[in-house]
Number of protein chains: 2
Amino acid sequence: MSFAAKHQSVVLIGSGNVAWHLGRAIARAGHPILQVVGRNKQAVTELAHRLQTVGSTQLEEMVPTAAVYIAAVKDDALPLLIPRLTAVNPHALFLHTAGSLPLDVWSQGQAARYGVLYPLQTFSKQADIDFSAVPLFVETAREEDMHRLTTFARSLSSKVFPLDSERRMKLHIAAVFANNFTNHLYHRAARLVSEADLPFEVLLPLIDETADKVHRLLPHEAQTGPAVRNDRRVIDSHLRALASQPGAQRIYELLTQDIHEQHQPRS
Amino acid sequence: MSFAAKHQSVVLIGSGNVAWHLGRAIARAGHPILQVVGRNKQAVTELAHRLQTVGSTQLEEMVPTAAVYIAAVKDDALPLLIPRLTAVNPHALFLHTAGSLPLDVWSQGQAARYGVLYPLQTFSKQADIDFSAVPLFVETAREEDMHRLTTFARSLSSKVFPLDSERRMKLHIAAVFANNFTNHLYHRAARLVSEADLPFEVLLPLIDETADKVHRLLPHEAQTGPAVRNDRRVIDSHLRALASQPGAQRIYELLTQDIHEQHQPRS
């Protein structure tokens, strides 16, 4: 396979957390990144420096010769950008990275080749990540672009799966439960620990083991605690102790009820 | 310090997950375990074998010469057991391991020396655990027993904290959020992933990173996703996609609202 076929020249649109980590993975895989384009001047400059390429805050300055344009921007921003983005090089392959934007959001643009490259991970600039272990989910409008996108994705990660838009949204919702909502429960736990005059760190071994356990057991099998035992004495004493925190109390009640229902023997 | 002062002879009451791991830690620290007592004959036999001691299913057969009796039994069972347990050796030190049972549950017994040894971790027999990293929370009725219990607890773990009953219940509720409820969100995420025809394993890098991140950032700082951005378009599309799972939909709505409220700028 020639260099030209194996490596794709890329323009990266966006300078947030996804662009930060995806850009690094693309550069490390040897794909030339021709440019970073975004609205936030400081973030664009930093990311362009990280990727040893040039940055621009002007869509009009976008390099028109790339093989692949990857938009890692806010969900709200993408639909508005698509007509102008695709006009730059209607023959290129256009990709977005969003979990809940359907493939056909691209259909309002001028390009015929487009798709999705969705990385299932939580990214923050402070934290390095092993991108080769990040599951990537791919979808293209044209069947013939699927092989090309899959090859590109496999140069970034060892875990690449085809996934249509409807299933990708389900996966994104699953990620909201497993990351956003889980992190919020950590926050609620942190408040309670602070009320007990203890540092948040006392919870870390428990948080780690909770995550570790589902490597060995399914979550349904790993469930413990007063809700699954339906231990009303403990549940009621906890609800009373939460009287001063109605938000935490509502979450406690609803999740206790849902655990109880999900663990009923099916008739 | 003499062997007799340093090591405490122990009778362990209970043969569940806590007894399984706590018993092993006690034996490894060199404290002689004189007996395991419990209702479940098979579990008692297995745990006694693991701890190289004798087992009994009869309270009447309980060895009366131990220095410390540790009850690691269900919360509901303990109050009923206390009169008979403490009658065996009213001069010994009696401990329970429950997060939400107050210290004074022991006051209905015949012993004057009693306390609590609460390990903050989720235990299951299948999974080995580094007990020396498990935070232990201690409380005693008499001030003069506190030193003895603390010394004993420090022989099991490097993280020992004094904690009164009211604070211990708050900590237990925090653990319900950080473990039981978090694990249930994993279960809800697993159902969604299965609807997307994907294996649960695709979520593991995200689950791991979510837990890892709060070693470096407070949960409040680590929060990402549509709820904290108040991205109504994504939130509404997720709620529509969850129409066939009212349980998941209710959790999504409540946690989204609570994230939004907890991240409002305080006035």
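Chain A of this predicted model contains an open sheet of 8 strands in the order 3-2-1-4-5-6-7-8, with mixed pairing; strands are DSSP runs (E, at least two residues), as helices are (H or I, at least four), numbered from the N terminus, and two strands pair if DSSP finds at least two bridges between them. Strand 3 (54-56) and strand 8 (160-162) of chain A lie at the edges with a single partner strand each, so one side of each has no neighbour in the sheet. On average, and with direction ignored, neighbouring strands of this sheet are turned by 25° against each other. Residues are numbered from 1 along each chain as its sequence is written, chains are lettered from A and ligands numbered from 1 in the order in which they are written, and side-chain values use heavy atoms, with hydrogens and water left out. Local features need pLDDT of at least 70 and side-chain atom pairs count only at pLDDT 80 or more, whereas totals for chains, interfaces and linings use all residues.

Within the sheet, strand 1 (residues 10-13) and strand 2 (residues 33-37) of chain A run parallel and are joined by 4 bridges, and Leu12(A) has Val36(A) in strand 2 as its bridge partner. Helix 5 (residues 143-154) of chain A packs on the sheet, where its contacts (heavy atoms within 4.5 Å) include strand 1 and strand 8, and its direction makes about 160° with that of strand 7 (136-140) of chain A. Helix 6 (residues 165-195) of chain A also packs on the sheet, touching strand 5, strand 6 and strand 7, and its direction makes about 20° with that of strand 6 of chain A; these angles run from 0 to 180 degrees between N-to-C directions, with axes fitted to C-alpha atoms, for helices over the stretch in contact.

Turning to the two chains together, the contact takes 94 residues from chain B and 94 residues from chain A. Between them the chains bury about 8800 Å², 66% of it on carbon and sulfur atoms, where buried area is the accessible area (1.4 Å probe) lost on being put together, summed over both parts. Phe177(B), Phe181(B) and Leu206(B) supply 8% of the area that chain B buries against chain A, more than any other three residues.

The chains share 8 salt bridges, each a side-chain nitrogen of Lys or Arg within 4 Å of a carboxyl oxygen of Asp or Glu; one of them joins Lys170(B) to Glu195(A) at 3.0 Å, N to O.

How values were computed:
Buried area = accessible area lost by both parts, 1.4 Å probe.
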